[in-house]
Amino acid sequence: MAEENDAEEIEQENAELNLHSVGDMLRHAREQKNLNIEDIAKTTRIPQRHLESIETGDFAALPGRTYAIGFAKSYARTVGLSEVTIGSQLREEMDDQGHSAYEPETSGYAPANPSNIPPKYLAWTAGGIAAVLLIGFLVWRTLFLEPADFIDEGPGAEFTESETIDGTLDGTIDPVGPTPSDTGTVTLTATETVWLKIYDEDGERLFEKEMSAGEQYSVPADAKGPQILTGRPDALTVTIDGAVVAPLGTADRTIKDVGISAAALLARTDPGGSTTNGEPASELDTTQ
């Protein structure tokens with residue numbers, strides 16, 4: 001008996017609801033919750049003028065069929081009505097008023113819901129994590145990758161293991177100016193952008209940088225067996241106490257473990273293009 005009474009009450013309630021428009025139903029539910037139209041606009045983040053248009057049934061003032069239905073569903077959720085029922089009835093009302101082709105409804109559309117918008121602190125956290133990962137990658141690359149793995153050799157340049165010179169010099173240019181001392185100061189001057197690494201005979205890094213044209217680096221006088229690694233030896237001018245000496249190599253050859261102390265540089269060639277023992281410069285081992 002109780003079940004029959006409940007069924008009758010539900011049927012009576014549905015019948016009463018069907019006598020009202022969607023706008024009337026939403027307004028009635030809002031008033032029962034003691035909410036004003038500004039409260040609904042603030043909660044749903046839907047412009048107040050659109051909510052008022054829904055309540056009055058002024059569908060022409062809404063941006064389109066899709067938005068009208070989405071707004072009404074969001075309104076219904078806020079005031080505790082069934083969004084399915086509201087959406088279905090609103091479609092019928094719009095069809096009756098000639099808005100059936102107003103705009104095709106997009107499946108799954110719903111207005112922005114504040115609960116679905118990530119808080120600002122999540123965005124800042126994500127940005128911080130990205131920055132930490134970037135810094136970590138740069139540190140890892142600097143500490144663990146071989147310099148030759150990321151030397152920029154310029155477009156079209158390719159190097160193989162057989163092309164790498166271990167302590168071999170190809171320069172045959174005669175020194176310019178007065179004869180320098182084997183204890184003089186060695187200065188490297190970049191003639192164009194070039195990456196290089198300077199280290200001592202124990203592998204301790206003394207200098208590592210991508211130099212711009214015009215930048216200089218003077219090898220410390222107390223450096224123990226200083227050596228160089230670079231992919232552009234032709235982009236460096238080498239001087240000892242201001243006197244230009246033979247270049248370290250050619251453009252298409254990477255050099256490494258090449259001694260750059262004054263004594264090592266002077267031991268490479270004599271003014272005739274030969275080593276001090278008469279051997280061609282290209283065959284000299286300068287790992288000292």
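**Before starting.** I reminded myself that this is a predicted model.

**Entry 1, helix 3 with helix 4.** I looked up helix 3 (residues 37-44) against helix 4 (residues 48-56) and found an angle of about 120° between them, with the axes 9 Å apart. Helix 3 is therefore oblique to helix 4. I noted the crossing of this pair as right-handed. On the helix 3 side I listed I37, E38, I40, A41 and T44, which meet Q48, L51, E52 and E55 of helix 4. Sorted by class, this contact has 4 nonpolar, 2 polar and 3 charged residues.

Next I turned to helix 5 (residues 65-79), whose axis comes within 10 Å of that of helix 3 and crosses at roughly 110°. Angles of 65 to 115 degrees count as roughly perpendicular, so helix 3 and helix 5 get that label. I wrote down I37, I40, T43 and T44 from helix 3, in contact with S74, Y75, T78 and V79 from helix 5. The tally here is 4 nonpolar, 4 polar and no charged residues.

Which order do the strands of the open sheet take? I read 5-2-7-8 for its 4 strands, with antiparallel pairing. Strand 5 (216-218) and strand 8 (243-244) are the edges, each pairing on one side only. I then followed strand 2 (residues 186-190) along strand 7 (residues 236-240) and found 5 bridges in the antiparallel sense. In that pairing, V186 sits opposite I240 of strand 7.

Technical notes
Residues numbered from 1 in each chain as written. Predicted model: local features only at pLDDT ≥ 70, side-chain atom pairs only at ≥ 80, totals over all residues. Heavy atoms only, no water. Axes fitted to C-alpha atoms, helices over the stretch in contact; angles between N-to-C directions. Helix = DSSP H or I, 4+ residues; strand = E, 2+ residues; numbered from the N terminus. Parallel < 35°, antiparallel > 145°, perpendicular 65-115°, else oblique. Left-handed = near helix turned anticlockwise from the far one by under 90°. Contact = heavy atoms within 4.5 Å. Nonpolar A, V, L, I, M, F, W, Y, C, P; charged D, E, K, R; others polar. Pairing = 2+ DSSP bridges.
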